[in-house]
Amino acid sequence: MTYRINYYAVSPKLMTILLRQERCLQQQFSLSPTLTIAIWELVKLRVSQINQCAFCIDMHSKDALKQGELVERLIGLSAWQDMPLYTEAEQSALHWAECITSGLSVPDRLYQSTVGIFGEPGLVDLTLAVNAINSWNRIAKAFKPEVGSYKPS
């Protein structure tokens with residue numbers, strides 16, 4: 001593969017902002033009564049699957065496993081609608097993430113059901129998390145870091 005820009009080295013100030021955002025999101029999810037770290041990991045992996053971001057799929061699969069996620073739930077994630085492995089909150093978050101990632105307008109029914117589960121602050125946090133992973137996916141797809149090079153800390 002042809003070498004591409006090391007975006008961390010070329011723009012460390014802006015990359016630091018994105019990394020800070022990631023830490024803030026993790027903190028929000030860990031403090032939330034409805035948005036859990038499990039939901040955050042599932043959403044990051046599902047959005048990365050939709051965006052076909054190989055580096056991020058590898059990374060988020062490893063992170064989810066490290067957090068104690070079950071292999072069966074990771075394998076079934078691409079067909080989550082038909083799998084009995086996910087809670088109502090997880091299904092709602094995944095549906096929301098798919099809609100936001102598609103770029104289409106959010107239907108009123110989906111909005112009402114999702115805000116009913118997560119509340120207004122939780123829905124904003126979830127939306128920002130989906131936005132963040134979409135951003136990371138686009139960066140990784142542009143600069144193609146080596147798949148498999150990520151090692152969870």
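Biologist: Which residues does Glu41 touch, not counting residues up to four places away in sequence?

Modeller: Glu41 touches His60, Asp63, Ala64 and Gln67, where contact means heavy atoms within 4.5 Å. This is a predicted model, in which local features need pLDDT of at least 70 and side-chain atom pairs count only at pLDDT 80 or more, while totals for chains, interfaces and linings use all residues. Residues are numbered from 1 along each chain as its sequence is written, and side-chain values use heavy atoms, with hydrogens and water left out.

Biologist: Why is Glu41 called buried?

Modeller: Glu41, which lies in helix H3, has a relative accessible area of 6%, and because buried means under 20% (exposed is over 50%, partly exposed in between, with a 1.4 Å probe and protein chains only), Glu41 counts as buried. Helices here are DSSP runs of H or I with at least four residues, numbered from the N terminus.

Biologist: What makes Glu22 buried?

Modeller: Glu22, in helix H2 (residues 12-31), has a relative accessible area of 17%, so it too falls in the buried class. Leaving aside residues up to four places away in sequence, Glu22 touches Trp40, Lys44, Ala132 and Trp136.

Biologist: What joins the side chains of Glu22 and Trp136?

Modeller: The two side chains are joined by a polar contact of 3.1 Å, the term being used for a pair of N or O atoms within 3.5 Å; within protein, one atom must be able to donate a hydrogen and the other to accept it, and residues adjacent in sequence count only if both atoms are side-chain atoms.

Biologist: How many aromatic pairs does a search of the whole structure find, and what makes the pair of Phe29 and Trp40 tilted?

Modeller: The search of the whole structure finds four aromatic pairs. Phe29 and Trp40 form one that is tilted, with 5.9 Å centre to centre and 35° between the planes. This pair links distant parts of the chain, since Phe29 in helix H2 and Trp40 in helix H3 are 11 residues apart. Rings of Phe, Tyr and Trp (its six-membered ring) pair if their centres lie within 6.5 Å, and planes under 30 degrees apart count as stacked, over 60 as edge-to-face and the rest as tilted, so the angle of 35° places Phe29 and Trp40 in the tilted class.

Biologist: How do you know that Phe29 is buried, and Trp40 likewise?

Modeller: Phe29 has 1% relative accessibility and therefore counts as buried, and Trp40, at 4% relative accessibility, counts as buried as well.

How values were computed:
Helices (H or I, at least four residues) and strands (E, at least two) are DSSP runs, numbered from the N terminus.
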